[in-house]
Amino acid sequence: MDFQQLTIQRRSHPGWRLLAADNAPMIVSFLHASFIAPNVRSVGRQQLASTLDDYLYHLHEAAGEIVFPKAATAYLDDWASDERSWLRKYYPPGAEEAHYDLAPSTEQAIG
């Protein structure tokens with residue numbers, strides 16, 4: 001590995017972008033608590049948004065201010081966007097609600 005290769009990886013690899021994100025501690029700790037610790041592969045949008053909403057509430061209470069101002073669903077959409085690719089958003093067969101799972105690069109970065 002050389003400098004150029006690592007520089008390109010830092011800009012293009014989703015795992016690297018996750019760890020370099022401004023909100024990485026919040027994102028990684030939430031994704032770990034929601035997917036890795038309970039060994040869950042897939043979570044419905046409504047359930048994951050509710051869990052994230054509660055998580056953000058506790059962070060705001062601990063900080064004494066609103067540290068993360070966006071709605072939980074906005075964070076989930078951002079994390080599943082093509083630009084981030086930290087979560088995979090998909091619709092299981094016959095389901096009307098979107099589900100999320102961790103992208104392999106996200107799981108690797110968290111590990």
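At 53% relative accessibility, Tyr91 counts as exposed, since exposed begins over 50% relative accessible area. The model in which this residue is described is a predicted one. Tyr91 is placed in the loop that runs between β2 (87-90) and β3 (99-102). If neighbours within four places in sequence are left aside, the residues in contact with Tyr91 are Glu96, Glu97 and Ala98. Across the sequence, Tyr91 and Gly44 are separated by 47 residues, while the C-alpha to C-alpha separation in space is 9.2 Å.

Turning to charged side chains, the count of salt bridges comes to seven.

| Pair | N to O distance | Relative accessibility |
|---|---|---|
| Arg41 and Glu107 | 3.3 Å | Arg41 52%, Glu107 29% |
| Asp77 and Lys89 | 3.5 Å | Asp77 34%, Lys89 37% |
| Glu83 and Arg84 | 2.6 Å | Glu83 54%, Arg84 23% |

The salt bridge between Arg41 and Glu107 has its closest N and O atoms 3.3 Å apart. Arg41 belongs to the loop between α3 (24-36) and β1 (43-44), whereas Glu107 belongs to helix α6 (residues 104-110), so this pair ties together parts that lie 66 residues apart in sequence. Arg41 counts as exposed because its relative accessibility is 52%, whereas Glu107, at 29%, counts as partly exposed.

A salt bridge also joins the side chains of Asp77 and Lys89, with an N to O distance of 3.5 Å. Here the linked parts of the chain are distant, with Asp77 in helix α5 (residues 72-80) and Lys89 in strand β2, twelve residues apart. Asp77 is partly exposed, since its relative accessible area is 34%, and Lys89 is likewise partly exposed, with a value of 37%.

In the pair formed by Glu83 and Arg84, the side chains meet at 2.6 Å, N to O. Glu83 is exposed because its relative accessible area is 54%, while Arg84, at 23% relative accessibility, counts as partly exposed. Through salt bridges that share partners, Glu83 and Arg84 are joined with Lys70 and Asp78 into one network.

Note on methods:
Residues are numbered from 1 along each chain as its sequence is written. This is a predicted model: local features need pLDDT of at least 70, side-chain atom pairs count only at pLDDT 80 or more; totals for chains, interfaces and linings use all residues. Side-chain values use heavy atoms; hydrogens and water are left out. Helices (H or I, at least four residues) and strands (E, at least two) are DSSP runs, numbered from the N terminus. Buried means under 20% relative accessible area, exposed over 50%, partly exposed in between (1.4 Å probe, protein chains only). Contact means heavy atoms within 4.5 Å. A salt bridge is a side-chain nitrogen of Lys or Arg within 4 Å of a carboxyl oxygen of Asp or Glu.
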